[in-house]
Amino acid sequence: MRRLAVASAFAILVLATLPVLAGQAFAAAPAGTAVPAGTAAPARAAAAPDPPVLVSETFEPADSGASALTYNQRLVPVGARVTVASVSAQHATATLLAVNGLVPDRHYGAHVHMNRCGRAPDDSGPHTQWRADPVQPSVNPKYANPHNEIWLDFTTDRDGNAVAASEVRWPVEKKMARSVVIHDHGTSSAPGHAGEAGNRLACVDVDFSHAGGQVPGVSMR
């Protein structure tokens, strides 16, 4: 099961990053190199993508101190697996989330959060945003949206497995981004409720960036 999750993560991550990597390849090509017909060459060269981030863990109880914690063992059982793969380039980030062993045929919300996981669900802090909303918790769709945040909502199959992918046009490594949190239901886009996805069910530590510090806990969303 673990091998399947990791293989799926890498396969979909590669597909998600093809446009980014292709653009960088053309930008870095020597002068005079032909660009395939119908492909627009980038205006200027982009830096090579950073090495991929890959985390594959088993959910443990919230008080265990593990890297992957479940706060609701009915909806995210102890022993269920989570895999996160991500690659960040100068102007884009592609992220893949794979889960195994959750409740079958159920929709969950998921997002990248600013802090590491902790014993309490709120310890992971708010969503990572490229343009930070001055009002927190952020429920304004101008800021709380899948382009300014990394959303990874998914629906499990009959075996409780699922895969979700996100691509945003900004480098997550430049922001505080230290975990992926699984929520109770799909993420809302409605004004006044944007970014809300119910209670935080589980969390996995993922070092997307090297930004230091912690932000205070905020109301669940």
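1. A nonpolar core is taken here as a set of buried Ala, Val, Leu, Ile, Met, Phe, Trp, Tyr and Cys residues joined through side-chain atoms within 4.5 Å, where buried means under 20% relative accessible area, exposed over 50%, and partly exposed in between (1.4 Å probe, protein chains only). The largest such core in this structure has 30 residues, and L97, F154 and V180 have the most contacts inside it. Two or more residues come from each of β4 (81-88), β5 (93-100), β6 (107-113), β8 (162-168), β9 and β10; strands (E, at least two residues) are DSSP runs numbered from the N terminus. A second, separate core of six residues includes A62, L69, Y71 and V181.

2. The model is predicted: local features need pLDDT of at least 70, side-chain atom pairs count only at pLDDT 80 or more, and totals for chains, interfaces and linings use all residues. Residues are numbered from 1 along each chain as its sequence is written, and side-chain values use heavy atoms, with hydrogens and water left out.

3. An open sheet of six strands runs in the order β2-β3-β10-β9-β6-β7, with mixed pairing; two strands pair if DSSP finds at least two bridges between them. β2 (60-61) and β7 (154-155) stand at the edges with a single partner strand each, so one side of each lacks a neighbour in the sheet. β2 pairs with β3 (residues 68-70) in the parallel sense over two bridges, and E60 has L69 of β3 as its bridge partner.

4. The structure holds two aromatic pairs. Rings of Phe, Tyr and Trp (its six-membered ring) pair if their centres lie within 6.5 Å; planes under 30 degrees apart count as stacked, over 60 as edge-to-face and the rest as tilted. Y108 and F154 are stacked, at 5.1 Å centre to centre and 20 degrees between the planes. This pair links strand β6 to strand β7, 46 residues apart. Y108 is buried at 0% relative accessible area, and F154 is buried at 3%.

5. The rings of W130 and W170 are also stacked, with centres 5.6 Å apart and planes at 20 degrees. W130 is partly exposed at 36%, whereas W170 is buried at 3%.

6. T187 lies in the loop between β9 (179-183) and β10 (200-205) and is buried, with a relative accessible area of 14%. Its contacts beyond four places in sequence include W151, D153 and E196.

Notes. Helices (H or I, at least four residues) and strands (E, at least two) are DSSP runs, numbered from the N terminus. Contact means heavy atoms within 4.5 Å.
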